[in-house]
Amino acid sequence: MTTNEYELSDVDKELIRSFGDTISYSFRLSEKTREVYTREAALFLTFLNRYSLKLEEVGSSDIEKYIIEREDQEGITTRTAGKVLSSLRTFFRYLKIEKIVEANPAKLVEKPKDPLVLPKTISEDEMEELMKGFDDDILGRRDYALFELIYSSGMRISEAVGLDVSSWRREEKAISVIGKRNKERIVFVGDIAFEAVEEYLRNTRPRLLSKKNQKEPALFLNRRGGRLTRQAAHLRFQECTSRLGLEATIHTLRHSFASHMIKNGADIRSVQEMLGHSDIKTTQIYTQLDTSTLLEAYDKFSPFEDD
């Protein structure tokens, strides 16, 4: 990075150079991080010079003003604003080590949060309509068993197509799922999905199984008797939803499972375990979803709302 493009004095340029060396050799951060953090520090010093602010007198309100100005003038995203703040926190950490400042005001600034994006779900009635929409042929019956299983268990499509016949735990009405980072979890299956998979295993899978490869371990097979791919499953699902005029993806089944479980009284820790989330914060978004549904109902039916 060169500092000539910024409104910096020779002293500031030397400060940025020293900061870059500290990032690399003391903080042991990557070259890419060094590039980003030194650029952001240079931009911040340019801002201070423009408003005749001294570095040692900067407070958290000055940093907030700087970030707001970047948002207004450059239209930076919430994510970029977060990176700017991270850069400045590291910059002031360096300045404290060098005894240029006494405190790190950037640590007092709250990190910008991305707006909450609620996952797309479909209602239980729409789910019932969807599950009736698969063709009554060999591939349609396979699809029905696959997608009913995903909705009943909340597993990811990658997990579902990765299942083997040996994963099926008939006596427990459950299935062993290998999730992210190869973590195994046991997922229980509802009665409808259990019967759908049992029917598939008895009558559909044997017809799909290739005569040349009777030892194929995959639970869900393609028309040639090999393991069904994620891409093929997405295509089959899209064909069905298009016929029904329903806006949904396979992942919508997972979101809908979680939403419907919470709506019907399941505790969030149990849903976290079923979904295989390592962080409960990821699961908590479905409680927000349920609250939004309640708000819609309130707006529609409340006697306290204006006509």
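I started by counting elements: the protein has 13 helices and three strands. I keep in mind that this is a predicted model. For the overall picture I looked up burial, and 44% of the 307 residues count as buried. I also checked how far along the chain the contacts reach. Among contacts with a separation of 6 or more, 57% are between residues 24 or more positions apart.

**Entry: α5 against α6**

I went to helix α5 (residues 124-131) and helix α6 (residues 138-153) next. Their axes come within 11 Å and cross at roughly 160°. That angle is over 145, the cut-off I use for this label, so α5 is roughly antiparallel to α6. I noted the hand of the crossing as well: left-handed.

Which residues make the contact? From α5 I listed E124, M127 and M131, and from α6 Y144, F147, E148 and Y151. Sorted by class, the contact has five nonpolar residues, two charged ones and no polar ones.

**Entry: the sheet**

I traced the strands and got an open sheet of three, ordered β1-β2-β3, with antiparallel pairing. Which strands stand at the edges? I found β1 (168-169) and β3 (184-188) there. Each has a single partner strand, so one side of each is left without a neighbour in the sheet.

I then followed β2 (residues 174-178) along β3 and found five bridges, in the antiparallel sense. I wrote down two of the partners in β3: V187 for I175, and I186 for S176.

In β3, R185 and V187 are on the covered face, while E184, I186 and F188 are on the uncovered one.

**Entry: F237**

I picked F237 to look at a single side chain, and its place is in helix α9 (residues 230-244). Buried or exposed? I looked up a relative accessibility of 1% for F237, so I logged it as buried.

What does F237 touch, leaving aside its neighbours within four places in sequence? I listed L130, F147, A248, T249, I250 and L253. F147 was already in my notes as one of the α6 residues in the contact with α5. As for L130, it is 107 residues away from F237 along the chain, and I get 9.7 Å between their C-alpha atoms.

**Entry: positive phi in two loops**

One is S52, at about 55°. I found S52 in the loop between α2 (31-50) and α3 (60-74). Its relative accessible area is 67%, so S52 goes down as exposed.

The other is K99, with a phi of about 60°. K99 sits in the loop between α4 (78-97) and α5, the helix I had examined against α6. At 73% relative accessibility, I count K99 as exposed too.

How values were computed. Residues numbered from 1 in each chain as written. Predicted model: local features only at pLDDT ≥ 70, side-chain atom pairs only at ≥ 80, totals over all residues. Heavy atoms only, no water. Axes fitted to C-alpha atoms, helices over the stretch in contact; angles between N-to-C directions. Helix = DSSP H or I, 4+ residues; strand = E, 2+ residues; numbered from the N terminus. Parallel < 35°, antiparallel > 145°, perpendicular 65-115°, else oblique. Left-handed = near helix turned anticlockwise from the far one by under 90°. Contact = heavy atoms within 4.5 Å. Nonpolar A, V, L, I, M, F, W, Y, C, P; charged D, E, K, R; others polar. Pairing = 2+ DSSP bridges. Buried < 20%, exposed > 50% of the residue type's maximum accessible area, 1.4 Å probe, protein only.
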